[in-house]
Amino acid sequence: MRRIRVAAIGAVTLSLVLTSAACGGGSSGSEGSNEQPKTLTYWASNQGANLEVDKKVLQPELDKFEKETGIKVKLEVVPWSDLLNRILTATTSGQGPDVLNIGNTWSASLQATGALLPWDAKNFDAIGGKDRFVDSALGSTGVQGQDPAAVPLYSMAYALYYNKKMFADAGIEKPPATWDEMAEVGKKLSKDGKWALGAEGSNLSNNIHQVFVLGKQHGADFFTPDGKADFTSDGAVAAVKQYVDLMAKDKIIAPGNAEYAQNQSLSDFAKDKTAMVLWQTASATFKSQGMKDDEWGVAPAPVQDGTPGTGTNTNSMVAGINMAVFKNTKNIDGAKKFVKFMTSDAEQKILNGAYGSIPPVKAAQEDPAFSGPALDVLRETLATSASALPQVPEESQFETVVGTAVKELFADAAAGRAVTTESVKAKLEKAQQQMSTS
């Protein structure tokens with residue numbers, strides 16, 4: 001319940017922030033100052049198995065930065081359940097960090113507040129140039145045609161992770177490549193208190209990621225070309241129903257997963273309770289939970305038919321984390337130096353290596369450390385079959401209202417209530433109405 005309340009507050013807060021910006025409020029004008037040149041505050045996102053893991057990964061690098069520049073970075077790792085709302089509050093209060101991580105899908109929404117530093121040619125030159133970054137990552141940094149609101153830091157894609165022991169015990173030789181195969185294989189795996197597929201039914205962002213991809217596979221985008229919400233098209237309804245039907249109809253997701261929101265499905269996977277998960281760069285989490293690399297495999301996420309590609313054969317959103325700077329920072333030069341440091345070739349190898357993600361910096365991505373069966377699947381997906389979520393100011397509201405609709409449908413499925421095309425459409429109609437009135 002707390003997560004839904006937080007997400008709902010985020011939607012309302014974003015609406016107020018955008019209204020303020022439209023009326024001339026919010027941050028504007030020139031870049032920040034250099035009144036406090038010896039310190040920076042940094043809000044990092046929770047990329048590791050827990051907050052302490054992130055602190056152990058990041059603090060040595062921040063100490064290195066301080067030794068090189070004399071600038072002390074005060075680190076706070078913010079849980080995902082709190083991050084967006086804290087950022088939105090900071091955009092209106094002016095009491096935020098100097099530098100922060102943001103989910104790349106939030107870039108356009110936060111860009112619209114006017115609180116973030118635009119990365120124009122001059123600012124990109126200060127960190128080594130825009131051409132250092134891969135195009136797919138730059139595609140999720142803000143509204144097309146405007147200067148990016150953030151800089152890519154970590155790149156990720158969704159893949160299908162499978163538990164080799166559970167597959168072997170069920171006599172299954174290979175992971176499913178299509179959704180029909182998923183249902184068929186899933187029924188063989190879902191027995192004796194074990195389940196085929198894990199889900200995070202109460203995680204609004206995860207819900208959106210899954211139904212966005214299924215929407216692409218059904219020819220739906222959830223937004224019209226001019227940026228208007230379009231949640232009730234036949235394709236959008238079919239996508240949401242197909243996802244929830246993995247629990248409601250196919251019965252290959254445990255009913256208890258309707259309440260999952262804190263990566264419990266990954267724990268079930270590591271404990272041989274769930275045979276598959278659709279996830280972004282899960283290898284570091286599996287390792288932290290005691291799994292050996294040879295105990296799990298990775299394959300492209302399923303498509304409706306054929307093989308992954310563009311259009312209706314999309315099988316992932318372009319996932320990732322961006323780094324942004326608040327315009328009102330009192331150490332603008334230091335903030336740019338810090339972004340340059342964190343996106344340097346050397347640091348990109350260290351940080352993405354620690355998290356099992358892929359560097360969005362070209363030179364670092366070419367390092368042999370980022371090859372191998374698991375990362376090769378993710379790199380191929382990003383290059384050939386991933387699509388960016390809509391870069392529109394209302395994207396964060398979309399995550400909240402449609403993500404909540406999917407959560408409620410999972411709750412219906414878990415309780416044994418029917419999930420029909422009509423009930424799915426009704427939930428999405430309500431979500432679209434919330435968008436138009438917020």
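1. Basis of the note. Because this is a predicted model, local features are taken only at pLDDT of at least 70 and side-chain atom pairs only at pLDDT 80 or more, whereas totals for chains, interfaces and linings use all residues. Residues are numbered from 1 along each chain as its sequence is written, and side-chain values use heavy atoms, with hydrogens and water left out.

2. Domains. The chain is divided into domain 1 (39-156 + 318-387) and domain 2 (159-317 + 390-436), with bounds that come from an automatic or database domain assignment. The C-alpha centres of the two domains lie 26 Å apart, and 30 residues of domain 1 are in contact with 29 residues of domain 2, contact meaning heavy atoms within 4.5 Å.

3. The second largest pocket. A pocket is an open set of points on a 1 Å grid over the protein atoms alone, with protein on both sides within 12 Å along at least five of seven lines, while a cavity is a set of points where a 1.4 Å probe fits but cannot get out; lining residues have an atom within 4 Å of a point. The second largest pocket has a volume of about 480 Å³, a volume being the space filled by probe spheres set on the points, which are joined across faces, edges and corners. Of its 25 lining residues, Gly-139, Gly-142, Val-143, Gln-144 and Gln-391 lie nearest the centre, and each of domain 1 and domain 2 supplies at least three residues to the lining. By class, this lining has 11 nonpolar, 10 polar and 4 charged residues, where Ala, Val, Leu, Ile, Met, Phe, Trp, Tyr, Cys and Pro count as nonpolar, Asp, Glu, Lys and Arg as charged, and the others, Gly among them, as polar.

4. The elements giving two or more residues to the lining are β6 (195-198), α9 and β7 (274-280), and β7 provides the largest share, with 3 residues. The class count here is 6 nonpolar, 4 polar and 1 charged.

5. Helix α8. In α8 (residues 179-189), Trp-179, Met-182, Ala-183, Val-185, Gly-186 and Leu-189 are buried, that is, under 20% relative accessible area with a 1.4 Å probe and protein chains only. An α-helix has 3.6 residues a turn, so residues three or four places apart point the same way. The cover over the buried residues of α8 includes β5 (158-163), α7 (164-169), β6, α9, α10 (234-248) and β7.

6. Thr-105. This residue lies in the loop between β3 (99-103) and α4 (107-111) and counts as buried because its relative accessibility is 7%. Beyond four places in sequence, Thr-105 touches His-209, Met-317, Leu-389, Gln-391, Glu-395 and Glu-399. The C-alpha atoms of Thr-105 and His-209 are separated by 9.8 Å, although the two are 104 residues apart along the chain. The side chain of Thr-105 also makes a polar contact with that of Glu-399 at 2.6 Å; such a contact is a pair of N or O atoms within 3.5 Å, one able to donate a hydrogen and the other to accept it, and residues adjacent in sequence count only if both atoms are side-chain atoms.

7. Ile-321, in strand β10 (residues 319-325), counts as buried at 3% relative accessibility, and its contacts beyond four places in sequence include Trp-80, Ile-102, Val-151 and Tyr-154. Gln-365, in helix α15 (residues 362-365), is likewise buried, at 17%, and a polar atom of the Gln-365 side chain lies 2.7 Å from the backbone oxygen of Pro-359.

Methods: Helices (H or I, at least four residues) and strands (E, at least two) are DSSP runs, numbered from the N terminus. Buried means under 20% relative accessible area, exposed over 50%, partly exposed in between (1.4 Å probe, protein chains only).
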